[in-house]
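I want to look at the ligand site and then at the aromatic pairs.

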Amino acid sequence: MDFNDKVVLITGASSGIGAAIAIHFSKLSAKLVLVGRKENNLKKIALYCEKAKGIKPLTVLADLTEDLEVENLVKQTIDQYGKIDVLVNNAGVMNMGGIKDANVEIYDKVMSINMRAVYHLTNLCVPHLIQSKGCIVNVSSILGSKVNTNCLPYNISKAALDHFTKCIALELAPDGVRVNSVNPGFVKTNILKDVGLTEDQVELLVKNIVGRTPLKRLVEACEVAALIAFLASDQSKSITGSCMTIDGGSKLQ
Ligand SMILES: NC(=O)c1ccc[n+]([C@@H]2O[C@H](COP(=O)([O-])OP(=O)(O)OC[C@H]3O[C@@H](n4cnc5c(N)ncnc54)[C@H](OP(=O)(O)O)[C@@H]3O)[C@@H](O)[C@H]2O)c1
């Protein structure tokens, strides 16, 4: 698999799964556009990517909930590379709590990055993806379809994202643009620390999740990255509108 001369735009590349996606594509010789808010983290990942094949990524600091920053991201990408071949909508946040704990601000915060920003960025990238006959991979979650009581806005945002994936896959198929999602189970990243869980609480959760996962293992970020690269490659040229579960069998229960 080779992404030589392919321009791959990855949101949320400064941490966790997005960083793993960036590193994976850098080893496949892609020209990368790495997007995040934390400058130091983004630079660190960019440097790591550059070391793989000597190709310096374009890094763009952007809060994707800000419309002008999304517009600027696409402009900078086109100014630098003239095209976009692969869009990976990965940036996202989580929340804890159900309807009894809810307030509408949490709903707005989660939906604005997990769904609205994806809608906006995708909308701006689509003309370029049609031109390149490119593809989109969205990073969703098993919680888009597996019901739980712990993180309601997050679950809703990922359910919306899955439907978005399927609707635009159908719309863009005649244009030769494929659209899929990966739907991971739990992956150990910063996402839970950012909602306020301590290291000990995360470790306890990890132990519980491994214990009840049929394959008795956690999904690793690099495995999600490899699945995304497959979905973005010619090896999957008949796959569109799919939401691919990668969860060690969790959703079977
Ligand atoms: N970890 C899991 O168990 C799991 C499971 C299923 C799906 N996912 C999905 O995987 C994706 C990545 O999550 P992760 O686990 O890797 O979490 P993470 O380590 O917390 O990374 C989240 C990334 O999203 C970026 N981001 C958040 N809000 C942003 C905003 N407003 N504008 C621009 N960038 C923003 C962050 O950028 P900065 O850090 O630079 O601010 C960071 O790079 C998310 O969509 C998540 O829902 C995660």
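My entries follow, and I keep in mind that this is a predicted model.

The side chain of Ser-14 puts an N or O atom 2.6 Å from a ligand oxygen. Gly-12 uses a backbone N or O atom, 3.1 Å from an oxygen atom of the ligand. On a ligand nitrogen, I noted a polar side-chain atom of Asp-63 at 2.9 Å. How much of the ligand does the protein bury? Taken alone, the ligand exposes 890 Å², and the protein buries 96% of that.

UniProt, in an unreviewed entry, lists residues 6-176 as "domain: Ketoreductase". I get 54% helix and 14% strand over residues 6-176, with the end C-alpha atoms 16 Å apart.

**Aromatic pairs.** I count two. Phe-3 and Phe-25 sit edge-to-face, 4.9 Å centre to centre with 75° between the planes. Phe-3 is in the segment before strand E1 (7-11) and Phe-25 is in helix H1, so this pair ties together parts 22 residues apart in sequence. Both Phe-3 and Phe-25 are buried.

Tyr-119 and Phe-164 are tilted, at 6.1 Å and 45°. This pair links helix H4 (residues 104-132) with helix H5, 45 residues apart. Tyr-119 is exposed at 54% relative accessible area, whereas Phe-164 counts as buried at 11%.

Terms used:
Residues are numbered from 1 along each chain as its sequence is written. This is a predicted model: local features need pLDDT of at least 70, side-chain atom pairs count only at pLDDT 80 or more; totals for chains, interfaces and linings use all residues. Side-chain values use heavy atoms; hydrogens and water are left out. A polar contact is a pair of N or O atoms within 3.5 Å; within protein, one must be able to donate a hydrogen and the other to accept it, and residues adjacent in sequence count only if both atoms are side-chain atoms. Accessible areas come from the Shrake-Rupley method with a 1.4 Å probe; for residues, only the protein chains shown count as cover. UniProt positions are given in the numbering used here, feature names are shortened, and annotations may be inferred rather than shown by experiment. Helices (H or I, at least four residues) and strands (E, at least two) are DSSP runs, numbered from the N terminus. Rings of Phe, Tyr and Trp (its six-membered ring) pair if their centres lie within 6.5 Å; planes under 30 degrees apart count as stacked, over 60 as edge-to-face and the rest as tilted. Buried means under 20% relative accessible area, exposed over 50%, partly exposed in between (1.4 Å probe, protein chains only).
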